[in-house]
Amino acid sequence: MAKAFPTDNPFLSHPYYGPVNTEADAAHLHVTGEVPRELCGTLYRNGPNPQFAPRGPYHWFGGDGMIHAFHVENGNVSYKNRWVRTPKWVMENQEGEGLSGTFGNPRYTDPRVFALNSTIANTNIVWHGGKLLALEEAHAPFSLDPASLMPVGPDGGYETWGKSLIGPFTAHPKLDPVTGEMIFFGYSAKGRFTKEISIQTVDRNGKITRAEILEGPYPSMVHDFAVTRNWIVLPIFPLTSSMERAMGGKPPFAWEPDKGTHIAFIPRSGTVADVKWVTAPACYVFHPMNHYETPDGKIVVDVMKFDIAPLFPLPDGSPSSKDLPFARLTRWTFDLSGRGNTMKEEQLDDRSGEFPRFDERFCMSDYRHGWIVAGDVTDPKTGEPRTDGLTHYDLKTGKSTSYNAGKDDRFGEPIFVPRSETAAEGDGWLLSVLYRGEDRRSDLAIFEATDLGRGPIALAHLSSRVPAGFHGNWRPGPL
């Protein structure tokens, strides 16, 4: 018999963060406003949704993946949600109970599940080379059918590109809009909690063309990175991992600021032997916005920067900060031309936020438009007042526009969809899953991307809720 979820963890009990236990299909969502007829494709959004109560302490990042798919075509919006049927999910579903600890902590995980070394595929979902890939950051991608959301592929769902993949695969690969390449990395490349990091590339035809191992300064949770035309930029922040801590009942991942930040610059046309390192004060970045090179060769990386990593404690388990850390939009500019590699930092906005996105046709290029979820997105408490909303930045004029919904409403990551393949930068729509706190259900909100102040031009209404999640992407065209 399945056990009830504990009520003392807000990420399992809060009405926004807590999991849903149903899978649903809805062919025709009720719509307020008008869905643009030109908008055709599917928004896939991934997030943690534990099937059963976990063993031991639970971290929000450790739930089973669930995909929420909104298909838009001819003014109609349909919806489907499915758990990602990973080997772990299948075994626990057959047993009718949770068999594992968060992050597969060996202290709490059934040896049968531990032996599976299964993905939970709960963080992101991308479309590349004709394949829909559900991602986390400790395993290979998990391939899904874009219509049914069921596993596909020769390896039971895993995508290994003919078994040529080495190590794990990041939740945040970068897609080069010019070459069609997908560039990615994987931390703990030589086993759990190791300091080696894989650096790999898959071409537009699905062939791995680069596979190397970089030795980092210490084992770290490396969530995201940046790529420009000539450089792979890999930041190592002092959110460290330790098997010794995990086996001793202490945090597997913990904040150790004394180790500092170390940023690797690896030439795309070279090898890891050509790496250049830049050191910086301790900080943490889950997500950059965009990254590019200036005409004089400098490297610009726009990030949502935390001074202290949120959601993770010190090595002894005590809080890393008295106050909740916030991320703010920050520009890093690097000059690698001289003997002393330099870094300049400029805060672009003093408001907090996360989940930065942009018009990804301009990835690796100088750009103008960006969007974030504004407000605190890492705190499950319901303190008043809340300022959660969406913000659009015009990085050329320095102006910004925001839209806030109801005081108990929560926006998910904003996804930009261009009006056409040749539309100007920022000309299109912004899509976000919007949780309605008063009704405890969700909408798909559609905005004119550079006119957020106008409010949604269309809302597709669910009678159920989409819990807080992480990332998603748009796949254009009919299913």
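User: Before we start, how do you know which parts of the model count?
Analyst: It's a predicted model, so local features need pLDDT of at least 70 and side-chain atom pairs count only at pLDDT 80 or more, while totals for chains, interfaces and linings use all residues. Residues are numbered from 1 along each chain as its sequence is written, and side-chain values use heavy atoms, leaving out hydrogens and water.

User: What makes β10 and β11 a pair?
Analyst: Two strands pair if DSSP finds at least two bridges between them. Strands here are DSSP runs of E, at least two residues long, numbered from the N terminus. Strand β10 (residues 182-187) and strand β11 (residues 196-202) have six bridges, in the antiparallel sense, so they pass the rule of at least two. Phenylalanine 185 sits opposite isoleucine 199 in β11.

User: Why are β9 and β12 called edges?
Analyst: The open sheet runs β9-β10-β11-β12, with antiparallel pairing. β9 (174-175) and β12 (208-215) each have a single partner strand, so one side of each has no neighbour in the sheet.

User: What makes one space a pocket and another a cavity?
Analyst: On a 1 Å grid over the protein atoms alone, a cavity is a set of points where a 1.4 Å probe fits but cannot get out, while a pocket is an open set with protein on both sides within 12 Å along at least five of seven lines. Volume is the space filled by probe spheres set on the points, which are joined across faces, edges and corners. The largest pocket has about 1,300 Å³, and the second largest cavity about 90 Å³.

User: Which residues line them?
Analyst: Lining residues have an atom within 4 Å of a point. The largest pocket has 45 of them, with Trp127, Leu175, Glu360, Arg361 and Trp474 nearest its centre. The second largest cavity has 13, and Phe225, Pro235, Val301, Val303 and Trp332 are the closest to its centre.

User: How do the residues lining the second largest cavity divide?
Analyst: Ala, Val, Leu, Ile, Met, Phe, Trp, Tyr, Cys and Pro count as nonpolar, Asp, Glu, Lys and Arg as charged, and the others, Gly among them, as polar. By that rule the lining has 12 nonpolar, no polar and one charged.

Methods. Helices (H or I, at least four residues) and strands (E, at least two) are DSSP runs, numbered from the N terminus.
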